[in-house]
Each structure stands twice: as C-alpha cells, then as structure tokens.
Amino acid sequence: MIDVLVIGGGNAALCAALMAREAGASVLLLEAAPRAWRGGNSSHTRNLRCMHDAPQDVLVDAYPEEEFWQDLLKVTGGLTDEKLARLAIRASAGCRDWMRSHGVRFQPPLSGALHVARTNAFFMGGGKALVNAYYRSAERLGVQIRYEAPVDRLDIVGGEFRAAYVKGERIEARACVLAAGGFESNRDWLREAWGQNERGEWPADNFLIRGTKFNQGVLIKHMQEQGADMIGDPTQSHCVAIDARAPLYDGGICTRIDCVSLGVVVNQQGERFYDEGEDFWPKRYAIWGRLVAQQPGQIGYSIIDGKAIGRFMPPVFPGVQADSLPELARKLGLPEATFMATLNAYNTACRVGTFDHTALDDCHTEGLSPAKTHWALPLDTGPYYGYALRPGITFTYLGLKVNEQSAVHFGGVPSPNLYVAGEMMAGNVLGQGYTAGVGMSIGTAFGRIAGTEAARAALQMKATERDCAAA
Ligand SMILES: Cc1cc2nc3c(=O)[nH]c(=O)nc-3n(C[C@H](O)[C@H](O)[C@H](O)COP(=O)(O)OP(=O)(O)OC[C@H]3O[C@@H](n4cnc5c(N)ncnc54)[C@H](O)[C@@H]3O)c2cc1C
C-alpha cells in the first residue's frame with residue numbers, strides 16, 4: 001500500500017507530495033488533467049507574497065509580518081483566522097530556499113507589474129515553469145504520478161481516510177492530502193451559489209473562468225456530504241474584471257484589465273458605480289470582478305485616455321479606440337448622452353494635485369458620487385480607449401476547515417490521516433477579498449505542512465503495522 005496519496009496536481013499538491021517524499025514516505029499523486037494540462041491554476045501564476053525583514057534576493061526593502069498581517073486583515077475585513085494566517089505569513093519568509101532546491105527560479109517583477117517589487121517574489125518563467133520544475137523534481141525523487149486520474153469519492157470511516165476512487169478503481173493509502181482546487185470551474189455550482197438577482201438574471205452565467213477547467217469541486221461537495229467541517233461562503237471568491245473577449249477557461253493573466261485605477265469604469269447604462277482609485281491596484285483588483293457581477297448584464301467598461309498608455313501592463317487584446325469620448329461611447333454600444341454626462345461630471349470634479357501612480361496621491365474628485373479618491377485625472381487627451389469587462393473567476397473560497405496541521409475536521413475533531421491544502425482550504429485565511437500573491441503563499445505553506453503531516457501519520461501507521469505483524 002502507498003503511504004501518502006496526494007489528490008490534485010497544482011502547487012499545493014506538488015508541495016505536499018515533495019515534502020511527504022522527502023520525509024521518507026512513498027507517494028502517489030493523482031492529477032485529473034492530462035499531462036499537457038497539468039498544474040491547475042498554479043500554472044497561470046506569476047508570484048508569491050513573502051514576508052521579509054530586510055532586502056532578500058529578488059525582494060527589495062522589508063515587508064514585515066505585521067504589515068503582511070494588516071494587509072490581509074484589511075482585505076478580508078477581518079474574515080480570517082489569525083493563527084492560520086500568521087502561520088502562512090511566517091512560512092512565506094523561508095520557503096524560497098526550499099522552492100529553489102526543487103528547481104524554482106525567481107526574478108524581480110517586470111516594470112508595469114502591480115507595484116509589488118517589495119512584497120512579491122516572481123517565478124522565472126511563471127507558474128508553468130514552477131509546476132514543471134516541481135514535477136521534474138517529484139519524478140526524480142520517485143513520486144508516482146498518474147494523469148487523467150480524477151478522484152470522485154473517498155472511503156472515510158469515522159473520520160479516517162481509507163481509500164480514493166478513480167473511475168471505479170479503489171486506491172488505498174495510509175494517509176491522504178486533498179489539494180484538488182476550488183469549485184470555480186463548475187458553472188452549475190456557481191449558478192446555484194450566486195442564484196438569481198433582483199433583475200431576474202443569473203449572474204454566474206456571464207462569468208468567465210480564468211484558470212483550469214478541471215477544478216469542478218467534486219471533492220469539496222463529496223467532503224461536505226461526508227460531514228467534514230466546512231468554511232467560507234460559496235459566493236466568495238477571487239474574482240477579477242477581465243476582458244469580456246477572454247475564452248471561457250484558461251484565459252490566464254493576459255486577459256486581466258489593469259487600467260481601472262487610471263480612468264473610470266461605467267456600466268452598460270453609462271454610469272460609474274465605484275471608486276476606481278480606492279487603493280493600490282494589487283489590493284483592489286480582486287474586488288472588481290464582483291463589482292461588475294453586480295451590474296446589469298454583468299458587464300462594465302474601463303475607460304482611459306491617452307495619458308494612461310504606458311502606465312499599465314497592456315492586456316492581450318487591444319482596447320476599442322476612438323478620437324473622442326462620444327465616438328468611444330458609440331463604438332462600445334453605450335448610451336451616448338448618459339455616458340457623456342458621467343464623463344463630464346467626472347472631468348469637472350477632478351482636483352488634480354501631483355499625480356503619482358506609485359503612491360496614494362492627492363489627485364481626487366470633489367462633490368462626485370461615487371468619488372474617485374486617488375489618481376483622478378480628467379479624461380481629456382485622445383485617443384480614448386475602452387475595454388468591456390466581465391467577471392473573471394480565479395478561485396472560490398468555500399472549503400474545508402483545518403487546524404495548524406492542515407487536518408480535515410469532522411464535528412470539530414481532526415482526522416488522524418486526512419489533510420487538505422491550497423484552494424480547498426484557502427477560505428480559512430481568506431473569508432473574502434484578496435491581496436496579490438497570497439494564494440501561492442497559502443498553498444505553499446499548507447501544502448508543505450499537509451505533506452509533512454501526512455508522511456508522519458503514514459509512517460507511524462506503518463510502524464504500528466510492523467509491530468503488530470512482529471508480535
Ligand atoms: C490566471 C490566474 C493567475 C493567478 N496568479 C496568481 C499569482 O500570481 N499568485 C498567487 O498567489 N496566486 C495566483 N493565482 C491563484 C493561484 O492559482 C491559486 O491560489 C493556487 O494555484 C492554488 O493552488 P492549488 O494547488 O490549490 O490549486 P490548482 O493549482 O488549481 O490545482 C488543483 C489541481 O487539482 C486537480 N484536480 C481537480 N479536481 C480533481 C480531482 N477530483 N481529482 C484529481 N485531481 C483534481 C486539477 O487538475 C489541478 O491540477 C492565479 C490564478 C489564476 C487562475
């Protein structure tokens with residue numbers, strides 16, 4: 001029998017598999033996707049958020065524990081477990097050497113990335129290179145890997161893991177780590193979770209999925225049915241405003257629209273609906289998907305002028321371009337009169353100080369609702385650009401409740417041999433909101449813990465089996 005079964009094939013699963021193998025356990029990893037699509041959402045990532053008290057390799061200045069914690073507290077509005085959050089934060093300080101030992105390489109951010117040279121370490125070659133490095137290392141260390149192996153249920157007796165089932169095949173193991181992502185790719189479940197709004201729309205029908213199509217939440221649902229303790233609200237997720245022209249799945253990072261804070265955003269009625277300059281973009285980009293989801297037709301339009309060009313990472317598709325704002329309204333199919341009233345009111349309300357996109361500057365609006373509190377410059381310089389926005393769901397927060405050992409709980413009691421990591425438990429730390437790079441910090445921290453704990457449980461069980469056989 002295998003010691004540790006790891007279910008999933010992204011960052012959290014790979015960290016768990018590598019740690020369990022390093023601890024001396026035999027490990028089998030089951031990835032639902034075919035080899036070419038392995039790595040889940042992790043293959044789309046670019047960086048992880050790291051605490052550090054002084055400049056370190058690719059990270060400048062310092063990003064102390066307390067600041068990281070305060071950032072997390074702010075974005076989650078307090079919906080976070082401080083003990084688990086601090087555990088992930090502290091683990092982020094020391095994980096890069098271990099990651100390097102498995103072939104991950106880092107680089108400073110490219111200019112135009114989200115003001116994150118201080119807080120986030122970027123993966124050279126992105127998340128795809130990271131997962132490839134981990135798979136190579138896992139293979140070298142003797143981790144067995146099976147692709148196209150979706151697990152649909154587990155055999156759990158009294159909170160203890162016994163086996164997993166793949167297409168009817170029973171696979172037994174002494175311990176198990178669940179790291180099979182959220183349920184973001186399951187459109188029916190998203191529809192059910194978001195329900196129907198007051199306009200009779202089903203908002204989730206207009207969501208696009210930024211990452212893998214394989215995170216269907218099969219095991220989240222199964223664990224719920226098995227009576228595992230759950231955490232999080234099914235409507236809470238990391239949800240970004242992305243280019244409405246993005247594909248349904250796997251559009252990845254290049255479909256994100258990063259110019260929101262440089263202009264204004266209107267809905268299909270041509271009206272603004274939120275402060276585009278509320279905070280730095282890395283701290284705010286993840287609320288815009290939800291904001292767009294709440295608009296009629298689940299669509300928004302990010303409007304900028306020529307001054308914004310060169311100040312943000314350009315998305316993969318060019319924006320709709322026009323020489324004047326009325327022409328832009330017509331090209332975007334927006335009601336011209338309301339659009340122009342909105343834009344004129346905004347332009348008149350701008351109080352321009354010293355524009356600085358790297359600081360919470362003093363360019364703001366006065367007497368406008370909603371206000372734009374920073375980076376408010378009149379949109380007065382052609383050409384003008386517009387990007388249609390849709391909610392792009394990154395990952396969901398509903399998951400399994402854990403303790404510091406990353407153990408799955410049943411009725412408040414931790415399982416002796418079933419652990420969970422990554423998106424399947426990120427909701428313990430992220431009740432709502434997001435700050436860039438923390439998904440990989442959580443997945444790396446709890447993936448490593450889950451792997452270590454699973455190996456410990458399995459090897460202990462093996463020793464007991466040996467003792468019993470010898471007696
Ligand atoms: C476009 C994009 C960009 C992102 N950028 C960043 C970033 O820069 N920094 C950051 O911190 N976070 C980022 N994230 C979020 C990040 O991807 C996640 O927080 C993190 O990768 C989660 O890792 P995971 O291992 O839990 O899930 P995943 O990487 O999604 O892995 C889940 C795995 O489980 C497999 N699976 C699913 N169901 C089953 C099953 N039933 N049986 C077997 N296998 C199954 C899937 O095939 C997949 O391999 C980004 C996400 C996206 C989509």
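1. **H9 against H10.** H9 passes H10 in a right-handed crossing. A crossing counts as right-handed if the near helix is turned clockwise from the far one by less than a right angle, and as left-handed if anticlockwise. Helices here are DSSP runs of H or I with at least four residues, strands are E runs of at least two, and both are numbered from the N terminus. The contact uses Leu325, Pro326, Ala329 and Arg330 from H9, and Glu336, Phe339, Met340 and Leu343 from H10. Contact means that the C-beta atoms of two residues, placed from the backbone, lie within 7 Å. Six of these residues are nonpolar, two are charged and no polar residue takes part. The classes are: nonpolar for Ala, Val, Leu, Ile, Met, Phe, Trp, Tyr, Cys and Pro; charged for Asp, Glu, Lys and Arg; polar for the others, Gly among them.

2. **Basis and geometry.** This is a predicted model, in which local features need pLDDT of at least 70, side-chain atom pairs count only at pLDDT 80 or more, and totals for chains, interfaces and linings use all residues. Residues are numbered from 1 along each chain as its sequence is written. H9 spans residues 325-332 and H10 residues 336-349; they pack at about 135 degrees, with axes 9 Å apart. Axes are lines fitted to C-alpha atoms, for helices over the stretch in contact, and angles run from 0 to 180 degrees between N-to-C directions. H9 and H10 are therefore oblique to each other. The scale is: under 35 degrees roughly parallel, over 145 roughly antiparallel, 65 to 115 roughly perpendicular, the rest oblique.

3. **H1 against H11.** These helices pack at an angle of about 35 degrees, and their axes are 7 Å apart. H1 passes H11 in a right-handed crossing. On the H1 side the contact includes Asn11, Cys15 and Met19; on the H11 side it includes Met440, Phe446 and Arg448. By class, the contact has 13 nonpolar, six polar and one charged residues.

4. **H3 against H11.** H3 (residues 82-101) packs on H11 at about 85 degrees, with the axes 9 Å apart. That makes H3 roughly perpendicular to H11. Leu87, Ala88, Ala91, Ser92 and Cys95 of H3 meet Ser441, Ile442, Thr444, Ala445 and Phe446 of H11. Seven of the contact residues are nonpolar, three are polar and none is charged.

5. **Ligand shell.** The ligand is surrounded by 43 residues, of which Gly10, Gly40, Gly211, Gly422 and Gly439 are the closest. H1 (11-22), E3 (47-49), H6 (218-225), E18 (384-396) and H11 (438-470) each supply at least two shell residues. H11 gives the most, with four. The shell has 18 nonpolar, 21 polar and four charged residues.

6. **The E3 sheet.** E3 also belongs to an open sheet of three strands, ordered E3-E5-E4, with antiparallel pairing. E3 and E4 (106-107) are the edge strands, each with a single partner, so one side of each lacks a neighbour in the sheet. Pairing requires that DSSP finds at least two bridges between two strands. Three bridges join E3 to E5 (residues 120-123). Asn47 has Phe122 in E5 as its bridge partner.

7. **Hairpins.** E7 (residues 151-157) and E8 (residues 160-166) pair antiparallel over six bridges. Val151 is bridged to Val166 in E8. Two residues separate these strands, and Gly158 in the turn has a positive phi of about 55 degrees. E8 then joins E9 (residues 169-178) by four bridges, again antiparallel. Tyr165 stands opposite Arg170 in E9. This hairpin also has two residues between its strands; Lys167 in the turn has a positive phi of about 45 degrees. E20 (residues 407-410) and E21 (residues 413-420) run antiparallel, with three bridges. Gly411, in the two-residue link of that hairpin, takes a positive phi near 55 degrees.

8. **Backbone points to check.** Most residues other than glycine have a negative phi, and most peptide bonds are trans. Glu148 has a positive phi of about 50 degrees although it is not a glycine. Glu148 lies in the loop between E6 (144-146) and E7. The Ser369 to Pro370 bond is cis, with omega about -5 degrees. The Gly382 to Pro383 bond is cis, with omega near -5 degrees. Pro370 sits in the loop between E17 (364-365) and E18, and Pro383 is found in the loop between E17 and E18.

Conventions:
A residue is near a molecule or strand if its C-beta atom, placed from the backbone, lies within 6 Å of it.
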